[in-house]
Amino acid sequence: MLSIISSIIIGAICGYVAGQIIHVEGGLIFNIVLGIIGGFVGGLLFGLIGISFNGIIGGIICGVIGSCLLIWIVRKIRK
């Protein structure tokens, strides 16, 4: 249960930071979803090239990078 709560909190932080970097307007739920999906995307992509992030700070870095990448991809698809 604690890992689920910490994942949601880290996802919210990642989504918020990525939204501030890339200038995305969204609410709390949007930021949480963006951060969680972004963390998955970042972990998958970094895992493919052999880089792993450990700990809370590593998770936040990976999630923010993944979230920014996810936002960029969605914006490219919409255009």
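## Cysteines that stay apart

Start with C68: its sulfur sits 9.6 Å from the closest cysteine sulfur, in C14, too far for a bond. C62 has the sulfur of C14 as its closest one as well, at 8.0 Å, and that is again too far for a bond. A disulfide is a covalent bond between the sulfur atoms of two cysteines. Here the cut-off for calling one is a pair of cysteine sulfur atoms within 2.5 Å, and a search of the whole structure turns up zero disulfides.

C68 counts as buried at 14% relative accessibility, and C62 is buried too, at 7%. (Buried means under 20% relative accessible area, exposed over 50%, and partly exposed in between, with a 1.4 Å probe and protein chains only.)

## About the model

This is a predicted model, where local features need pLDDT of at least 70, side-chain atom pairs count only at pLDDT 80 or more, and totals for chains, interfaces and linings use all residues. Residues are numbered from 1 along each chain as its sequence is written, and side-chain values use heavy atoms, leaving out hydrogens and water.

## The nonpolar core

C14 and C68 turn up again in the largest nonpolar core, which has ten residues.

Note on methods. Core = buried A, V, L, I, M, F, W, Y, C linked by side-chain atoms within 4.5 Å.
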